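Reader: Could you walk me through this one? I'd like to begin with how its strands pair.

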Amino acid sequence: MALRKLDIKALDFIVEQMIETVDKSKDEIFRIGEQCRQEHDSLIAELKEIKEQVKHVITEGDELEIKARLARKRLSEVSKNFRAYSEKEVREVYENAHDLQTRHTINNQFEKQLRLRRDDLERRLLGLQETIDRAETLVSQITIISNYLVSDIKDIGEVLEDAKMKQDFGLRIIEAQEEERKRISREIHDGPAQLLANVLIRSDLAEKVHKEFGPEQSLLEIRSLKEMIRAALYEVRRIIYDLRPMVLDDLGLIPTLKRYLATIEEYNKVVKLDFVHIGEDKRLPSKYEVALFRLIQESVQNALKHSKASNITVKFERRHDSVFVIVKDNGIGFNPDEKRNDSFGLIGMKERIVILEGVLTIDSSPVTGTAIKMQIPLLD
């Protein structure tokens, strides 16, 4: 059967549609953040006014307390010398003392209400600020995802040729894109995006709990809300590390690999990941750092998914004119020569190695586990 030529334009169209969908999601999260920011500014203004009222009420209360104390003292003197004063004088002294005491009581109640409103506004502002920060972070992270789709996937599409394996590789890229899109959409929807929808509801609930059950119960509700936000932040960071860590451009490959492996170890719990670095810690050209990170990431993910290993070791050696990498696990091994339908990851790794003019070798057995060795020349 003749091979069908892969339509690069069709692939580009699919990628463009994916990018458009991601950008729409980013715009929606941005709008949510803007709404929260507007409400935040409104509450700031109200809080400022409440604080001024509290200050005024406290001053007025102090004055009323002094006047009420003097009025009670005067009333006590009049009561002791009742016959020395006329009925009108006695009545005026009594009414004045009663009026001052009533005003002082009302002032205290009003001060209490203002303080409660002030505390409630401060709690709501804290929740809104956390929501605004999360929205800004998500917009930044989705931008990274969009850049990933624009750069890496299109680069792969441009190097695909007419051979059957590469044709299958291209078709699987499309499938992988859709699966990744679903996964990212599902994870963002179930985690951070759901949080943005729930945080205002939870803040209103905390307000109701405070009014009905007191500050202790409302504090528990706020702590629960903070834990939910913390968990969502952890999930978003994991998503970003799975795609492209932001620290790769800032700190370089070695610090990024250390963080990535530590994050994977923390997330998987049952697998220990070790990192060994030999040679100078010098930055590589960006194209090498990105490619090496992808290769190591794919090797580690394959080991996690298929090897049933309890230990994975990544050894990175920087030589004068090349880089040597070994990713070794103590798992069940596999036959590298056997053609499998789920070998998409290995095909992608081989393609990257070819582009980098490097060498990839795989040693695997049920006894020793799997060792993926990569040697990549550093060309000018």
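**Strand pairing and burial**

Author: Strand 2 (residues 311–318) and strand 3 run antiparallel and are joined by 7 bridges; strands here are DSSP runs of E with at least two residues, helices are runs of H or I with at least four, both numbered from the N terminus, and two strands pair if DSSP finds at least two bridges between them. This is a predicted model, in which local features need pLDDT of at least 70, side-chain atom pairs count only at pLDDT 80 or more, and totals for chains, interfaces and linings use all residues. Residues are numbered from 1 along each chain as its sequence is written, and side-chain values use heavy atoms, with hydrogens and water left out.

Reader: What joins strand 2 to strand 3?

Author: A hairpin does, through 3 residues. Within this pairing, Val314 has Val327 of strand 3 as its bridge partner.

Reader: And which residue of strand 5 is the bridge partner of Val327?

Author: That is Ile372; strand 5 (residues 369–377) pairs with strand 3 in the antiparallel sense, over 8 bridges.

Reader: Why is strand 3 described as largely enclosed?

Author: Because 7 of the 8 residues of strand 3 (residues 322–329) are buried, the rest of the structure largely encloses it; buried means under 20% relative accessible area, with a 1.4 Å probe and protein chains only.

Reader: Switching topic, how many helices and strands are in the protein chain?

Author: The protein chain has 8 helices and 5 strands, in the order α-α-α-α-α-α-β-α-β-β-α-β-β from the N terminus. Of its 380 residues, 40% count as buried.

Methods: Buried means under 20% relative accessible area, exposed over 50%, partly exposed in between (1.4 Å probe, protein chains only).
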